[in-house]
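Q: I would like a close look at a single part of this protein, followed by a connected account of how that part sits in the rest of the chain.

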Amino acid sequence: LKAVPTQNSASSITDKYAFAFDIDGVLIRGGRVIPEAIEAMKVLNGENEFGVRVPYIFVTNGGGKTEEERCLDLSRQLELEVSPGQFICGHTPMREMAEKYNTVLVVGGVGEKCREVAEGYGFKDVVTPGDIIKTNAETTPFRKLTEEEWNNSRVRDFDKINIEAIFVFADSRDWAGDQQIILDLLMSKNGRIGTRSETFQEGPPIYFSHNDVVWSTAHDYTRIGMGALRASLEALYKAVTGKELTTIAFGKPQLGTFEFATRLLRQWRKDTHGINKAPDTVYFVGDTPESDIRGTNEYNAHTSSGDAEWFSILVKTGVFQEGTIPRYPPNKIANNVLDAVKFGMQREF
Ligand code: G3P
Ligand code: MG
């Protein structure tokens, strides 16, 4: 790992434009770096014919680890230093909900580790599915906790606890068990485990960190993700209770996530590069039309004059496949992230 990005000493930082990158399907696929990504970062850091360095941030719907841990992973994969000051994941904006709810259920990720993420956000009392199963193994007849889950779970007196909200932070590792627990809570009186509402209108609200039905991983075809769990849970709730379930999703393509990204980019440019103005253009490079391209286009349509123009670039290395028509048309289609970076820089020259 090189501590600092390779830089062309003759190059100067540009205040005119910036890049924002999606991660899965653009920089990483199935835990491995997409080779062009390393080159693309070098180009942004001054190894280019234009003599400039370009500020950039990362905006992923993924999650399951703290921002600090994710940045360490990304630094190793991209062979440069990535700071939490330039990084947003699906659950990052959820930190703003820590003020609102005291006791929450946090679902997803490996080994109940999302508890630490939520506690780091300031959530005061975090319950995980492991806590509920460890307290009553009958909750999920076919799911046994792994050793790691068992060690990271706590027996609680759930007769005295009201769970005020449910947060799905990262992909569930056991849909059946997690859906059973979520369903129990949604059907409860005021989030008290072991109770049943007569109206099914007294359960806690449920928030998902994003709504990607599919995502790009090591398999040739896209794999189902958190948006699929959400759709499944809505159907399940309807089948069991006869009622519609209202759920809320964060992440891309939500406007709030792009607003959050805009604030992060402003702060990052100021703190790291001493630039105290909005860029004219932000190039967003993504692989998923429904989240990356839709979000970028809608955010751009929503901003007023004086704000940065957000420009969407769709790459062919992830969810979007050559020969299909993207449901949300991008401003530009590029083969990969390196071509996307070169295109943006050329356009600015
Ligand atoms: O679970 C993560 C996945 O749905 C998408 O991640 O980086 O493509 O926004 P990303
Ligand atoms: Mg992606």
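Which residues are buried in α6?

A: This is a predicted model, in which local features need pLDDT of at least 70 and side-chain atom pairs count only at pLDDT 80 or more, while totals for chains, interfaces and linings use all residues. Residues are numbered from 1 along each chain as its sequence is written, and chains are lettered from A and ligands numbered from 1 in the order in which they are written.

In α6, the buried residues are Gly177, Asp178, Gln180, Ile181, Ile182, Leu185 and Leu186; a residue is buried if 20 or more other C-beta atoms lie within 10 Å of its own, exposed if 12 or fewer, and partly exposed in between, with C-beta atoms placed from the backbone. The helix itself covers residues 175–186, which is 12 residues, and from its first C-alpha to its last it reaches 16 Å, close to the expected 16 Å at 1.5 Å a residue, where the expected span is 1.5 Å times one less than the number of residues. Helices (H or I, at least four residues) and strands (E, at least two) are DSSP runs, numbered from the N terminus. Among the elements that cover the buried residues of α6 are the strands β8 (103–107), β10 (165–168) and β11 (206–208), together with the helices α4 (129–135) and α7 (226–241).

Turning to the whole protein chain, its secondary structure comes to 10 helices and 17 strands, and buried residues make up 47% of its 349 residues. Of the contacts with a separation of 6 or more, 70% are between residues 24 or more positions apart, two residues being in contact if their C-beta atoms, placed from the backbone, lie within 7 Å. The C-alpha trace spans about 65 × 40 × 40 Å along its principal axes.

The chain is divided into domain 1 (12–90 + 253–348) and domain 2 (92–249), with bounds that come from an automatic or database domain assignment. The centres of domain 1 and domain 2, taken over C-alpha atoms, are separated by 30 Å, and 22 residues of domain 1 are in contact with 22 residues of domain 2. On the side of domain 1 that touches domain 2, the largest share, 3 residues, comes from helix α8 (residues 255–273).

Ligand 1 is surrounded by residues including Asp22, Asp24, Thr60, Asp171, Asp212, Trp215 and Thr288, and a residue counts as near a molecule if its C-beta atom, placed from the backbone, lies within 6 Å of it. Each of domain 1 and domain 2 gives at least three residues to the shell around ligand 1.

From Phe284 to Gly177 the distance is 107 residues in sequence and 37 Å in space, C-alpha to C-alpha.

Some backbone details complete the account. The peptide bond from Lys252 to Pro253 is cis, with omega near 10°, and Pro253 is found in the loop between β14 (248–249) and α8. Glu112, in the loop between β8 and α3 (114–120), has a positive phi of about 60° although it is not a glycine.
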